[in-house]
Amino acid sequence: MMKEQMDALTGGSGFSFGDLAADLAGVRFAVSATHSEAAAVAMQDLLRSGFEVNNFFPPAKDLPRT
């Protein structure tokens, strides 16, 4: 959140809800993949069959950048 607030200042790239969504998706991914050994094995099995961004990242196409 702090990085996005800094980006919102003059000269920054702008506050990006898409970037924030990506950050939070990454945190949720890490937590779900590491909260237990069984969860880690399940995530490895899932990823072994292929990685689809849409399975792990929320729709962000129309999120504003301010």
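**Exercise 1.** Find Ser16 in this predicted model. Where is Ser16 found, and is it buried or exposed?

*Solution.* Start with the location: Ser16 sits in the loop between helix H1 (2-7) and H2. Next, check its relative accessibility, which is 5%. Buried means under 20%, so Ser16 counts as buried. Now look at what surrounds it: leaving out residues up to four places away in sequence, Ser16 touches Glu4, Pro64 and Arg65. Finally, follow its side chain, which reaches the backbone nitrogen of Asp19 at 3.0 Å.

**Exercise 2.** Describe how helix H2 packs with helix H3.

*Solution.* Then list who makes the contact: H2 brings Phe29, Ser32 and Ala33, while H3 brings Ala39, Ala40, Met43 and Leu47. Sort these residues by type and you get 6 nonpolar, 1 polar and no charged.

**Exercise 3.** Work out what kind of aromatic pair Phe29 and Phe56 form.

*Solution.* A search of the whole structure turns up 3 aromatic pairs. For Phe29 and Phe56, the ring centres are 5.3 Å apart and the planes stand at 80°, so the pair is edge-to-face. Since Phe29 lies in helix H2 and Phe56 in the segment after H3, the pair ties together parts 27 residues apart in sequence. Phe29 is partly exposed at 29% relative accessible area, and Phe56, at 22%, also counts as partly exposed.

Terms used: Residues are numbered from 1 along each chain as its sequence is written. This is a predicted model: local features need pLDDT of at least 70, side-chain atom pairs count only at pLDDT 80 or more; totals for chains, interfaces and linings use all residues. Side-chain values use heavy atoms; hydrogens and water are left out. Axes are lines fitted to C-alpha atoms, for helices over the stretch in contact, and angles run from 0 to 180 degrees between N-to-C directions. Helices (H or I, at least four residues) and strands (E, at least two) are DSSP runs, numbered from the N terminus. Contact means heavy atoms within 4.5 Å. Ala, Val, Leu, Ile, Met, Phe, Trp, Tyr, Cys and Pro count as nonpolar, Asp, Glu, Lys and Arg as charged, and the others, Gly among them, as polar. Rings of Phe, Tyr and Trp (its six-membered ring) pair if their centres lie within 6.5 Å; planes under 30 degrees apart count as stacked, over 60 as edge-to-face and the rest as tilted. Buried means under 20% relative accessible area, exposed over 50%, partly exposed in between (1.4 Å probe, protein chains only). A polar contact is a pair of N or O atoms within 3.5 Å; within protein, one must be able to donate a hydrogen and the other to accept it, and residues adjacent in sequence count only if both atoms are side-chain atoms.
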